Structure formats: C-alpha cells, structure tokens
Amino acid sequence: QVQLVESGGGLVQAGGSLRLSCAASGSIFSLHAMAWYRQAPGKQRGMVARIGSGGNTNYADSVKGRFTISRDNAKNTVYLQMNSLKPEDTAVYYCNLDDGYLPWGQGTQVTVSS
C-alpha cells in the first residue's frame, strides 16, 4: 500500500519561508497528479496546490504567488515551497493524489506567528 510521509513543517515568523516535502512509497507516483492540502483548527481540509503528472500547476487564490509546488519523480517526492508566510497559513499540511484517494499521512504542522 502506498504511504505518504510529510515533513518540513515548523514554527516561523510572518514573512518567513518553509519548504515541505512529501515522500511517497510505491511506483505509481509519477503517473498521477499530486496535491498539497491543509487543515486549520476547526476548518475542513482543502487543497492549496496541485501539480499534474506533466508538471502543470494550480494554486488556491489564497497562496498564489507565494507558494510553489514541484515534484521529483525519480525520488517519488513532491515539494511545497512556502514564502511570505502569513498567520492564516497556520495549519497541518498534507499531500495526496489530487482526488485525495490515498490514505492520509500524519501531515506536518506549520505555525506562523505574527
């Protein structure tokens, strides 16, 4: 079974940057669109960035221009570079297929202080 392991979160001041990584086991990674999601306390999980198997990207309006999603198919890893972080970016961040089909990993906590 494919497993997703997110890492790279932490505590950062507003305006700072973090780079998240998501390692996926299994050989299906390169065939599928991947996405980063986030869930803040008391809110539903939502997609913030998506990358297709060919590298095309899409972003939620709230992160457009600040976040960059990328992938390394050779390493079965997807990344999320987050710049100009805001307190409202505080959430647990998860990766998954763009349809959320795989079992969710534990996520990685991102906390942005004002």
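1. From the N terminus on, the elements of this chain run β-β-β-β-β-β-β-β-β-β. There are 10 strands and zero helices; helices (H or I, at least four residues) and strands (E, at least two) are DSSP runs, numbered from the N terminus. The radius of gyration is 13 Å, close to the 13 Å that the globule rule gives for 114 residues, so the chain is as compact as a globular protein of that length. That radius is taken over C-alpha atoms, and the globule rule is 2.2 Å times the number of residues to the power 0.38.

2. A word on the basis of this note: the model is predicted, local features need pLDDT of at least 70, side-chain atom pairs count only at pLDDT 80 or more, and totals for chains, interfaces and linings use all residues. Residues are numbered from 1 along each chain as its sequence is written, and side-chain values use heavy atoms, with hydrogens and water left out.

3. Overall dimensions and surface come next. The C-alpha trace spans about 40 × 25 × 20 Å along its principal axes. Of the 114 residues, 42% count as buried, where buried means under 20% relative accessible area, exposed over 50%, and partly exposed in between (1.4 Å probe, protein chains only). The chain exposes about 5,900 Å², and carbon and sulfur atoms supply 47% of that area. Accessible areas come from the Shrake-Rupley method with a 1.4 Å probe; for residues, only the protein chains shown count as cover.

4. Strand 9 (residues 91-97) has two pairing partners to note here, strand 4 and strand 10. Two strands pair if DSSP finds at least two bridges between them. Strand 4 (residues 34-39) runs antiparallel to strand 9 over six bridges, and tyrosine 37 has tyrosine 94 of strand 9 as its bridge partner. Strand 9 is mostly covered, with seven of its seven residues buried.

5. Strand 10 (residues 108-113) has side chains that alternate. Three bridges join strand 10 to strand 9 in the antiparallel sense, with alanine 91 opposite valine 110. Strand 2 (residues 10-13) pairs with strand 10 in the parallel sense over four bridges, and here valine 12 stands opposite valine 112.

6. Asparagine 76 is found in the loop between strand 7 (67-72) and strand 8 (77-82). Its phi is near 50°, a positive value in a residue other than glycine. Asparagine 76 counts as buried, at 18% relative accessibility. Serine 30 is 46 residues from asparagine 76 in sequence, yet their C-alpha atoms are 7.1 Å apart in space.

7. Serine 84 lies in the loop between strand 8 and strand 9. Phi of serine 84 is also near 50°, a positive value in a residue other than glycine. Serine 84 is partly exposed, with a relative accessible area of 41%.
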